[in-house]
Amino acid sequence: PAPAQKGDSQGDARRPHHRDGPEHSRQLGQALGSSAYSWSLIPLGALLGWFIVEAEPAVHVLCVQVESVTGGAVSKNAMGRALSIGMAVSVALAMARILFGIPLYAVILPGYVLAMGLSFAVPPMFTGIAFDSGGVASGPMTAAFLLPFAMGACEALGGSILLDAFGVVALVAMTPLITIQL
């Protein structure tokens with residue numbers, strides 16, 4: 001048979017749609033949250049967080065710029081690892097919040113107090129890099145994959161999507177402030 005052309009309904013049906021990614025993330029969150037292994041949301045969330053940072057284009061740009069600005073003192077690999085660790089921790093915390101019903105302020109307030117305290121102990125350049133990193137880590141990949149994952153987990157566990165799932169972005173923006181300054 002002839003190859004399907006763009007606009008051909010048969011070809012479109014066989015071709016995966018980019019919009020399905022977030023829906024699959026949501027379904028994965030729902031499936032894990034409603035299973036007997038709902039605890040697996042925490043390690044799987046951490047794993048997703050690690051790899052989403054690796055896939056975020058803006059993170060790669062930031063890492064190269066940081067290596068350049070610091071004259072190689074902070075390598076792009078070290079910067080990438082620190083961001084990946086921060087993202088993994090933040091998503092694991094977000095899943096723990098959803099699973100155990102921990103209020104967002106109970107995690108955010110101590111986290112920002114720690115981040116602000118560290119800002120007095122590290123060189124100002126690293127504080128600026130840390131705050132930039134928080135914005136970069138919470139980019140489009142986070143919104144497209146982690147937010148639906150958290151929403152699916154909330155739905156399955158009976159939590160509030162507004163109060164629990166959307167806290168994942170706040171945590172993703174906070175943890176690089178800590179890991180970069182450490």
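Contact here means heavy atoms within 4.5 Å.

## Basis of the model

This is a predicted model, in which local features need pLDDT of at least 70 and side-chain atom pairs count only at pLDDT 80 or more, while totals for chains, interfaces and linings use all residues. Residues are numbered from 1 along each chain as its sequence is written, and side-chain values use heavy atoms, with hydrogens and water left out.

## Overall make-up

The protein chain has 10 helices and zero strands; helices (H or I, at least four residues) and strands (E, at least two) are DSSP runs, numbered from the N terminus. In sequence order the pattern is α-α-α-α-α-α-α-α-α-α.

Of its 182 residues, 42% count as buried, where buried is under 20% relative accessible area, exposed is over 50%, and partly exposed lies in between (1.4 Å probe, protein chains only). The chain exposes about 9,500 Å², with carbon and sulfur atoms supplying 68% of that area; accessible areas come from the Shrake-Rupley method with a 1.4 Å probe, and for residues only the protein chains shown count as cover. Among contacts with a separation of 6 or more, 78% join residues 24 or more positions apart.

## Nonpolar core

A nonpolar core is a set of buried Ala, Val, Leu, Ile, Met, Phe, Trp, Tyr and Cys residues joined through side-chain atoms within 4.5 Å. The largest one has 41 residues, and those touching the most other members are Leu 41, Met 79, Leu 83, Met 87, Met 95, Val 172 and Ile 180. At least two residues of this core come from each of helix 3, helix 4, helix 5 (76-100), helix 6, helix 7, helix 8 (140-157) and helix 10 (167-181). Helix 5 gives the largest share, nine residues.

Beyond four places in sequence, Val 172 touches Met 87, Ser 90, Val 91, Gly 134, Ala 137, Ser 138, Thr 142 and Leu 146.

## Glu 56

Glu 56 sits in the loop between helix 3 (41-55) and helix 4 (57-69). Setting aside neighbours within four places in sequence, Glu 56 is in contact with Val 136, Gly 139, Pro 140, Met 141 and Thr 142.

Glu 56 is buried but has no salt bridge, and the nearest side chain of opposite charge, Lys 76, is 17 Å away. A salt bridge requires a side-chain nitrogen of Lys or Arg within 4 Å of a carboxyl oxygen of Asp or Glu; Lys and Arg count as positive and Asp and Glu as negative, with His and the chain ends not counted.

## Ala 121

Ala 121 lies in the loop between helix 6 (105-119) and helix 7 (124-137). Ala 121 is exposed, at 62% relative accessible area.
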